[in-house]
Amino acid sequence: MKLDYVLPADIERRSFEIIESEIAHEIPEEIKPVLLRVIHTTADFDYLANLYFSANIMQIAMDAIRKGAVIITDTNMAKAGINKSALARHNCSCECFMADSDIAETAKQNGTTRASASVDKASRLEKPVIYAVGNAPTALIRLTELIQQNQFLPELVIGVPVGFVNVVQSKEMLISTGIPCIVARGRKGGSNVAAAICNALLYLADKKEESSE
């Protein structure tokens, strides 16, 4: 079998066309960019039902990006997957504290995970924060604790850790706080999903800026 060579941009365009053609029901326009990019990343249509969006989340996300938010990820894989040019266009940045020496020491002293210690470090940043969790439910648990104590209020939280232990529960705990969030309910998720959601939001911000010019 011989396959025709397809340019990268054409692959993405055609992939999105295929995805839309296989979706049997209408998707609200405001959340469509996120849903399509997550499905494009995972080839998993379950996200049509599993991805939860809190009220007015897209406008909240656009406002956070306009304010030059820092995106905090719980893995360097997610950080690597977020488009650096798109971040720069909006004066945003991305950080992952998981490999920092002070995080390892704090986690050891407190008997917690590095993901939890990273949340504490992020809570001390004096700038708007988008927190993207694709791996560690302990990060969501610590976020929930600080949110409930009014000690850390990120602009929004992307809660998409993958796995089996405390994953489902931590996501539901986050939703119950009322913090603006996008959550992959159930066991599915991952660093690639977290990065895909961040990129979808950044690309949507690009389009909104272009349309306003």
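Let me start with one residue. Glu 155 counts as partly exposed, because its relative accessibility is 21%. On the terms: buried is under 20% relative accessible area, exposed is over 50%, and partly exposed is in between, with a 1.4 Å probe and protein chains only.

A word on the source. This is a predicted model, where local features need pLDDT of at least 70, side-chain atom pairs count only at pLDDT 80 or more, and totals for chains, interfaces and linings use all residues. Residues are numbered from 1 along each chain as its sequence is written, and side-chain values use heavy atoms, with hydrogens and water left out.

Back to Glu 155. What does Glu 155 form a salt bridge with? The partner is Lys 67, and the closest N and O atoms are 2.9 Å apart. A salt bridge here is a side-chain nitrogen of Lys or Arg within 4 Å of a carboxyl oxygen of Asp or Glu. This pair links distant parts of the chain, 88 residues apart. Lys 67 sits in the loop between helix H4 (57-66) and strand S2 (70-73). Glu 155 sits in the loop between helix H9 (137-148) and strand S5 (156-159). Helices (H or I, at least four residues) and strands (E, at least two) are DSSP runs, numbered from the N terminus.

Next pair. Lys 121 forms a salt bridge with Asp 102, with 3.1 Å between the closest N and O atoms. Again distant parts of the chain are linked: Lys 121 is in helix H8 (residues 114-123), Asp 102 is in helix H7 (residues 101-110), and they are 19 residues apart. Asp 102 is partly exposed, because its relative accessible area is 34%.

Glu 17 and Arg 14 meet in a salt bridge at 3.4 Å, N to O. Both lie in helix H1, three residues apart, about one turn of the helix. Glu 17 counts as partly exposed, at 35% relative accessibility. Arg 14 counts as partly exposed too, at 45%.

Let me return to H8. Is H8 largely enclosed, or largely open? Seven of its ten residues are buried, so H8 is largely enclosed by the rest of the structure. The buried ones are Ala 115, Ser 116, Ala 117, Ser 118, Val 119, Asp 120 and Ala 122. They pack against S2, H7, strand S4 (129-133) and H9.

Now the whole fold. The protein has eleven helices and six strands. Its radius of gyration is 17 Å, close to the 17 Å that the globule rule gives for 213 residues, so it is as compact as a globular protein of that length. The radius is taken over C-alpha atoms, and the rule is 2.2 Å times the number of residues to the power 0.38. Along the principal axes, the C-alpha trace spans about 60 × 40 × 35 Å. Of the 213 residues, 48% count as buried.

On a 1 Å grid over the protein atoms alone, a cavity is a set of points where a 1.4 Å probe fits but cannot get out. A pocket is an open set with protein on both sides within 12 Å along at least five of seven lines. Lining residues have an atom within 4 Å of a point. Points are joined across faces, edges and corners, and volume is the space filled by probe spheres set on them.

The largest pocket holds about 340 Å³ of space. Of its 13 lining residues, the closest to the centre are Phe 16, Pro 33, Leu 36, Arg 37 and Lys 207. Helix H1 (8-22), helix H2 (32-42) and helix H11 (191-212) each supply at least two residues of the lining.

The largest cavity has a volume of about 50 Å³. Ile 65, Ala 69, Ile 71, Cys 92, Ile 130, Cys 198, Leu 201 and Leu 202 line this cavity. H11 gives the largest share of that lining, three residues.

Last, two backbone points. Asn 150 has a positive phi of about 60° although it is not a glycine. Asn 150 lies in the loop between H9 and S5. Asn 166 has a positive phi as well, near 65°. Asn 166 is in the loop between S5 and helix H10 (167-177).

That's it from me.

Key
Contact means heavy atoms within 4.5 Å.
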